[in-house]
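Me: Please take a close look at how the strands pair in this model. Keep it brisk, and link the pieces together.

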Amino acid sequence: MNQYHYIDDQGNISDPLPLAALQKIGLPPATKVLLEGSKQWTTLEQASQGGAVVFPVAPAAVPPASPPPTPPTPATATIKLNCQSCNTEKSMIPTKVGKFGGVVKFIGWLIVIPSVLGVVICIISAFMVAGQPGDSQADQVGKGGAEVLFFFFAGVSLVGGLIGWILISKKKVFKCSVCGSIKDRD
Ligand SMILES: [Zn+2]
């Protein structure tokens with residue numbers, strides 16, 4: 001015997017009941033009922049008359065089209081190498097390491113910092129000297145001499161800074177994440 005679910009006033013779907021039971025409850029003829037095991041709604045009236053299907057089942061609410069999950073962008077296609085020291089596959093990742101050891105790098109910084117300061121101070125000083133009042137020939141010569149001196153020191157600082165920069169510079173390498181062995185990238 002066919003059993004029917006029906007929707008009550010609160011919108012709840014009832015347990016399946018025989019048609020006779022539904023009719024006994026005294027539901028209005030337009031009450032929506034669902035033949036157990038089927039997926040199409042009809043009214044109690046229709047069901048009583050033979051179960052003609054009048055309502056297609058409401059399509060399930062389609063969730064708003066969410067943007068397609070963006071594929072994880074490959075980190076610029078990280079190249080990985082097999083480590084030949086510890087024979088681990090794909091354990092070597094591209095990275096940068098200092099060209100020189102800790103002490104040399106420390107000296108590099110000791111050179112770079114005063115060199116940069118030296119260049120800046122020399123240039124500022126040269127401009128300040130140039131801006132000084134004094135039009136006599138002696139003043140002009142003095143100012144010219146001071147400027148040459150400042151530019152000379154600026155040049156020396158620049159060279160020193162360059163050397164320091166080399167000492168603290170890094171090189172591109174592949175480094176094994178397992179054993180730490182390093183292989184030049186360039
Ligand atoms: Zn390794």
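Reply: Two strands pair if DSSP finds at least two bridges between them. Strands are DSSP runs of E with at least two residues, helices are runs of H or I with at least four residues, and both are numbered from the N terminus. The model is predicted: local features need pLDDT of at least 70, side-chain atom pairs count only at pLDDT 80 or more, and totals for chains, interfaces and linings use all residues. Residue numbers start from 1 along each chain as its sequence is written.

Start with β6, residues 170–176. Strand β5, residues 92–98, pairs with β6 in the antiparallel sense over seven bridges. β6 and β7 form a hairpin, and five residues lie between them. In the turn, G180 has a positive phi of about 80°.

Now the open sheet. It has four strands, in the order β2-β1-β3-β4, with antiparallel pairing. β2 (17–18) and β4 (41–43) each have a single partner strand, so they stand at the edges and one side of each is left without a neighbour in the sheet. β4 pairs with β3, residues 32–35, over three bridges in the antiparallel sense. K32 has T43 in β4 as its bridge partner.

Next, the whole chain. The protein chain has four helices and seven strands. Along the sequence, the pattern is β-β-α-β-β-α-β-α-α-β-β. Helix α3 spans residues 102–130 and contains L110. L110 counts as partly exposed because it has 13 C-beta neighbours inside 10 Å. The cut-offs are 20 or more other C-beta atoms within 10 Å of a residue's own for buried, 12 or fewer for exposed, and in between for partly exposed, with C-beta atoms placed from the backbone. The C-alpha atoms of L110 and G161 are separated by 9.5 Å, and these residues are 51 residues apart along the chain.

Two totals complete the picture. Of the 186 residues of the protein chain, 12% count as buried. Two residues are in contact if their C-beta atoms, placed from the backbone, lie within 7 Å. Among contacts in the protein chain with a separation of 6 or more, 55% come from residues 24 or more positions apart.
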